[in-house]
Structure formats: C-alpha cells, structure tokens
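Thank you all for coming; I would like to walk you through one model this morning, and I will keep to a few places in it. Please have the sequence and the structure open while I speak.

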Amino acid sequence: MPLICGGSLGLTAWSSSLCVLIVLVLLVEPHLVHSSSRGSFGANKFAVSPPTDGICASSVIVHGYKCQELEVTTQDGYILSVQRIPEGRSGVGAGNKQPVLIQHGVLVDGLTWLLNPPEQDLPLILADNGFDVWIVNTRGTRFSRRHTSMDPSQPSFWNWSWDELVTYDLPAVFDFVYKQTGQKVDYVGHSLGTLIVLASLSEGKLVDQLKSAALLSPIAYLNHMNTALGVVAAKSFVGEITTLFGLAEFNPKGLPVANFLKSLCAYPGVDCYDLLTALTGKNCCLNSSTVSLFLLNEPQSTSTKNLVHLAQTVRDRVLEKYNYGRPDYNLMHYGEAYPPAYNLSNIPHDLPLFLSYGGQDALSDTRDVGLLLDALKFHDVDKLSVQFVKDYGHADFIIGVNAKDVVYKSVVSFFQHHS
Ligand SMILES: *[C@@H]1O[C@H](CO)[C@@H](O)[C@H](O)[C@H]1NC(C)=O
Ligand SMILES: *[C@@H]1O[C@H](CO)[C@@H](O)[C@H](O)[C@H]1NC(C)=O
Ligand SMILES: *[C@@H]1O[C@H](CO)[C@@H](O)[C@H](O)[C@H]1NC(C)=O
C-alpha cells in the first residue's frame, strides 16, 4: 500500500516530506478523494464559493433555533468566532443551563457539526436536551481569520502549531464561556479537538473550568497511524515542508496545494483513489448530500507549522511540543535541547471522561486508543467511560447519519450522569 510513501519509487527525502503532508490532509479529508474522480484534485473542484454568511445565519437560525455570533480574543491576539445556541427549539426550560463547548478537528471549522439535517446534528441535539451550546472555530479557519495586529497575508499570522491551540485558543474560549455563564463547562472534541484538550489539561490548564469531556475519535497518540499509512511519517524530513511552503497558510483549496497533490497522484503506479481509501478507513454512514455540502464548505485552512507539528507527532511517536529541528533552536525556545513532553498522567484522575472510537478509523487507530487508555490507567474507574463503534470511520462521528443514536445519545447521558 505505501506506494507513495514507502520509498519504493526511489523518491527523495523532499518528496517524502511532501508525502506526510498529503497524507495528513487526506487523512482528515477523506471525502476529498471519495467524491472526486480519479486523480482530479484540481482547484476547479472548489470553484463554487461556499456561503459567506455567519454560521448562525446559514445553519442554525434557519432551523428555528436562537443563535448568537460572538468573538473571543486569545492572549496572543487571535480573534476567534464562536456561536452560541442558548436553548432548544422549543425555547422552554429554566435558566442556568449547563454550557457545553464543541471543538472541531484540524482542516475543518465549526460548521462541520451542522451539515446533516437538523435532527442529526450534535449542537442542535445538545440544545434540545437542555444544554447551552458554544461552537468554537479554530484560528485560521474561515470565520477566525482576524488578529489584533496581524492579518492572514502576513507569514507571522501563521506562526503557530497545535501548541498554541493548547496554550491560547482553548483557555481563551473556556475562560469566556465560564465567565459568561458562571458555570463549569462540558466539552465535546473531535480528532485534534481531543488532543488539544488532553494536552491543555496535562499542563494544568482548564482544570478549574471544565466539568467533563467527551472525546470522539481521540488522537492523543498517533504511533500506529504509520501502519495504516505505510511508513510515511517515520522516515520523512518534516522540517523540509517548512522550506517548501514557508511559514505560511496551508490552504487546501489553494492552487499550490492542489497542484502538488495532482503531481503526486500522477506518479506512475500511484492510484490516489485506492491509496486514500486504504489510508483513511472507511466511513460507514455518510449521506451523499451532506458530503457535497461538506465539500462546499471544507476543508479549511490551517498553518503549515501545525501540519508539521502533527507530522512530528506521528514520526516521533511522542506527545511533545513543536520540534524546531535543531538542539540550539529548541534550547532557544524551551531552554532544553528537546521539546518538552505533554504528560497525560497529570490529568486530574477524577475528571469525568467519555471516549468514543471507531473500528474503521485509520486516524484514531484502535491501538493508539489503547495507548491513551494506558496513559489514563490511574483514572478513577467510575469517571471513565469508553465506547467502541465497530463500523465507524473518522468522519462518521461528526456527520454519520446515525451518529445521533449511536454516539450523541451516549454523550448526552454521560453529561447528564455527571451533572
Ligand atoms: C440526507 O440529507 C438530505 C439533505 O439534508 C436529507 O433530505 C435526507 O433525509 C438525508 N438522509 C438521511 C438518511 O438522513
Ligand atoms: C515565530 O514564533 C516564535 C516563537 O513562538 C518566534 O521565536 C519567531 O521569531 C516567530 N517568527 C516569526 C517569523 O514571526
Ligand atoms: C508523567 O508524570 C508521572 C507523575 O505524574 C511520572 O510518574 C511519569 O514518569 C511522567 N512521565 C514522563 C514521560 O515524564
């Protein structure tokens, strides 16, 4: 399977690092491939502009819910867009609802939770079950591209990795919701949204403001993603990606990225369609209308540095901060020759946690979930619930047609049980 990445084509280190990038993009965006014809990665695929209305207007209010567009400024100056759905469609219920914060993964934005018919969407289901719902949009995505002093055309705007989401984005939105509501917050994260909350907690952040956390497709460890990908990341020189694309925006819809994917897929013997099917895992339960809508709206930009950091997480098999690639650079940034590790055993043992993972999820490999559970082995047993969904791939957790029954029901009862 490792056609592109195994080195059997005699590729150089340079193309091997590209490989990591392509794989990361495609891993999180399987639909990019499933719904395109063979090898057609051209930018024309995205010629139709997605709606530019805010998320409230386009995807919440139309379904009869109240929704507020809000802004949260992080300590390092990024202005994040947040949507609040304060109550269910019926509008009844006492005040003092339990707030819940919903965090998407990498290369998508908050809209990704709202693409199915309304009765299937997690934020609306939570609102109808009496929760006060807050949807986060990570820095760099369509509605979170502002900063107090920089703008996205400047390289320095893209000078961040998931470390900054751990240090700045999450603490900022938690603080905001906590202060607005005066209550501890429940949390739902998908994919990268699970990694950053665990890392943040391991550094002693959020602990006083978080009530309980539901982690869908958890990806704290990425050790076995290799196996699914062929040797991909392990042998690559991730640092070179930075030289290639620069300290810059990684825009999956942009021409440079599209062209580069196209050229990789043009290698003799490389069949991107099959490669990707094998890499991403098969999502069992997607609605083709929803997938089309997804393609109109996602993928969203992130920073190249963030993808490099993720590639390092795969390659180095440890959960640690961004590696500057040279002991002297690391020394300069961290005061140590190696990047500091995130130690998950620091997560408070009595924090209610719910993990839901899929048997077909190539990104959140079941063995890596095993490693995560091992790291949590001293967690209070009555505070840790685990759900395994045999048929689910990575995207089923957000847009699966039956996720409302298979996963979201359990999320709601988990939160209610620990309230
Ligand atoms: C798929 O999505 C379309 C458009 O939102 C909707 O009309 C249809 O009922 C959905 N199908 C399922 C099985 O949910
Ligand atoms: C990027 O951020 C690091 C610190 O996080 C800083 O040392 C470096 O100078 C920044 N580079 C640019 C180009 O902004
Ligand atoms: C993580 O922290 C625990 C104690 O909280 C310690 O026993 C363990 O050695 C640490 N692990 C690493 C890799 O530093």
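This is a predicted model: local features need pLDDT of at least 70, side-chain atom pairs count only at pLDDT 80 or more; totals for chains, interfaces and linings use all residues.

Where is the place of Leu319? Leu319 is in the loop between α12 (304-316) and α13 (327-334), where helices (H or I, at least four residues) and strands (E, at least two) are DSSP runs numbered from the N terminus. Residues are numbered from 1 along each chain as its sequence is written, and chains are lettered from A and ligands numbered from 1 in the order in which they are written.

Leu319 counts as buried because it has 20 C-beta neighbours inside 10 Å; the term buried asks for 20 or more other C-beta atoms within 10 Å of the residue's own, exposed for 12 or fewer, and partly exposed is in between, with C-beta atoms placed from the backbone. Leaving aside neighbours within four places in sequence, Leu319 is in contact (C-beta atoms, placed from the backbone, within 7 Å) with Ala199, Ala220, Tyr221, Thr313, Ala341 and Tyr342. Ala341 is also one of the residues that surround ligand 3, together with Asn343, Ser345 and Asn346, near being a C-beta atom, placed from the backbone, within 6 Å of the molecule.

Let me turn to the annotated positions. The UniProt annotation "active site", from an unreviewed entry, covers Ser191, Asp361 and His394. Asp361 is in the loop between β10 and α14, and is buried because 28 other C-beta atoms lie within 10 Å. His394 lies in the loop between β11 (384-389) and α15 (396-399), and is buried because 27 other C-beta atoms lie within 10 Å.

That brings me to α14 itself. Which residues of helix α14 (residues 366-375) are buried? They are Asp368, Val369 and Leu372. The buried residues of α14 pack against β10 (353-358), whereas the face turned away from the buried side carries the exposed residues Arg367 and Asp374.

How values were computed
Two residues are in contact if their C-beta atoms, placed from the backbone, lie within 7 Å. UniProt positions are given in the numbering used here, feature names are shortened, and annotations may be inferred rather than shown by experiment.
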